[in-house]
Amino acid sequence: MEQKVETTETLVESSAGSDTKGSNHISRVRKLLCRRMLVGIKDGRFFLGSFHCIDKQGNIILQDAVEYRSTRRTSPSPMEQRCLGIILIPSSCRTSCHVDCSIDEQLSLLKVDQ
Amino acid sequence: MAERDAAEATMSHQAPERSSIPSGDNTVWADISPLLDAACKELGDGEMIHGENFNLFAAMSALEIMDPKMDSGIVSKYCSLDEAIEDGAAPVPLSHDKTIDVQSIIDIMDHLLACEATWHSGHSLAQTVFSCIYLLRLDRTSSHAILHSYCRVIRATCKAVVSVVSDARTHEEEDLFSMTYGLPLDGDGDEKCLSFLNAVEETICRQLRACKAPSSKKRVLEDIEPLQHNLDLEEGFCKALLCRLRFRKHFFHTLACMRRPQGRGFEMARKHIASCILELESILKSAEFLRFGVCGTCEDGIEDKTTASGHTPIGFDASLNSRSAAPTPPRAIKILSWKRAVEYFVKLLHDLDVICSYSLDPSLEGVLRFVVQFQKSKPDLVARAHLQVLLVQDGKLYGRYPIFAVITKASALPEFTKNHDIQKSECFMQLGQLVINMLKILCTNAAWQRRKLGKILQDWRVIYVQLELALRNEVGEVSSNMDDEKMSVKILRHVLNWVEEQTYWIASRFLMLGFELDLYSPSEYCMVYWYLYVVLIKLAEKTHFRMAVSNEPIKRKGKKKKDSLKDVAKESRVHPAILFLQCHMCLAEGLTMMLAALRNDLMVLQSQNPFNTEQERFLQHFELLQKACIPDHISYPSFKESTSYARLSVSIL
């Protein structure tokens, strides 16, 4: 598996010459690893954890995740929370994804090369 | 600039919920979905973005969100208990129509019984009994006397049962039974729950009398408000409610009586058990009225229903508790049907009755016989927990007889030896512990029991060796107090023999349980019976030795002195316990030889396993026994030797 990671990196490096945008996005996301990430899902819950992994389909793994859940569906209400450990959030149920960052960094993160 | 506006727009859209989830100091939440999407597009097939600490194997243990088998927090109907209550999932009163109110509460009572039986059968309290919203917020029910008193007694009963099972620590394969995280089991004033129940019972009795009285008397008793407004159904409903309330009352009393130490409450408990069983019969009879008498229709498929009437009860939601159930993955459980639940309680009560009828035999032999017999009826966890709590209390048998005294009695030593100082030695302290552990193990379920019995064989062997060493030291030493030394030598000799006897007994139980658990294939019966035979030979040998050195004469019933000649003849005969063992031995030997002969002559029951040889299977089955040298010098070759010449032909005999 270590070899696979290296091959991936060399692939990215080698394609850097021909496709600057690709390596830029991937390396920017790579820089976000281990940062606190907040993922919202379809049924209204939120999960806060350390960003551990993402695959091509957009499935995300969070470590030391905490589940946040509103006690009332409709009106605003206090949140209940509980610890879950390591979780996998399929891309199909993900509705939002935010990362904890400084205001300066925020701008650069929102930028996406077209 | 435009980007910043877009960003803020994205953020504020989520603001109401997310604002309550704080980001760090001087930090904000930045939406990175577009960035992630872009990065994912550029990834190759099978590529992932992960750090150096990523381990695929560890990542496989991640809980998948929105997978019902792994995610216990999926928001289904209600987000929380409060939301469910606000939505009217558990109204109090259950209906403004008194007839429907009474009907509904009977359904709730029946469903709770089914939940309780399901819980006893090995599921968590949170998903069964405490799926009842009324139980989760008991205070809400205070305006409804019947519902309130019933819920209170249920809560108190659950607490009592959890207490017994926790004290016994009868480990089962899954210790879900006594998990009560976050469940409101502790109620203030629940000890008085019975007085609430009695008051309610009293009222319903009067209502029953009122509706049965002829119309002239009715005018006199008019001050009693009827239970509900349909006079034709009043009697049926009153009776249905009464038997349910009375069952709960007697069941709670049973548990309370059985908890009294040293079996002091057993006689009383038996009376309550008898009442429980009578009320259960009435409950079963009430089903007909509840199904047909009320709505006049017949519902098909009643077998699976959790209520007598066949209706679904209101006020239950198992998902509300799933988050506090346990850290284990959620599992969908099926609540037992109402009929099966009643059957379960009938059996439980019968098993508890057997325990209450036990004479508290002070001899260890008697205890073991009783426990083995009791286990034959396959009692469930709650009954077995009660048995264990009776047998071992405060490190004594029944809380009454110190273990050392039990051991000296079992070893056929005179009574005064139970006070000997040798009990304080390390060896004897450990031996006492082994005996207590053995008693506890014998109260567990068959599978667990067999596993543990196999494991303790080694411990019993070790203690034997240690006692042997102690004996050698005692015999070697010259003590100033000659009487004392002689006594400790005598004690050691007796106990040594008894320890061997007990070890062989455990081995025989280990082998026998294999049959109960279907662990042997027919081609292996021959070797199992053979091993059982050699173990029984040793067991009989040790038992015989114990009886021979015993100071007590064989008890005779009702014989007078003038029959002395007959008595002498009787004394020279074999003790019944030995005879019984000899019967077992003959049976085992006979079966071994028959099976061996069938194999040798007719080639039946041969081992057809291509993966391992008969010798390997022999070693696998008897590994624990062989390791502990039980018995010594027994091996596969000796098995082959004993059985290879067996033939069906009678002329060989």
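**Figure 1. One salt bridge links chain A and chain B.** A salt bridge here is a side-chain nitrogen of Lys or Arg within 4 Å of a carboxyl oxygen of Asp or Glu. The partners are Asp71(B) and Arg45(A), whose closest N and O atoms are 2.5 Å apart. Keep in mind that this is a predicted model, where local features need pLDDT of at least 70, side-chain atom pairs count only at pLDDT 80 or more, and totals for chains, interfaces and linings use all residues. Residues are numbered from 1 along each chain as its sequence is written, chains are lettered from A in the order in which they are written, and side-chain values use heavy atoms, with hydrogens and water left out.

**Figure 2. Chain A and chain B bury about 5,900 Å² between them.** That's the accessible area (1.4 Å probe) the two parts lose on being put together, summed over both, and 63% of it is on carbon and sulfur atoms. Lys56(A), Arg73(A) and His98(A) supply 12% of the area that chain A buries against chain B, more than any other three residues. Each chain puts 63 residues into the contact, meaning heavy atoms within 4.5 Å.

Figure 3. Domain 1 of chain B brings 21 residues to the contact and domain 2 of chain B brings 24.

**Figure 4. Glu281(B) sits in helix 11 of chain B, residues 266-293.** Helices are DSSP runs (H or I, at least four residues), numbered from the N terminus. Glu281(B) counts as partly exposed because its relative accessible area is 40%, with buried being under 20%, exposed over 50% and partly exposed in between (1.4 Å probe, protein chains only). Glu281(B) and Pro522(B) are 241 residues apart in sequence and 43 Å apart in space, C-alpha to C-alpha.

Conventions. Helix = DSSP H or I, 4+ residues; strand = E, 2+ residues; numbered from the N terminus.
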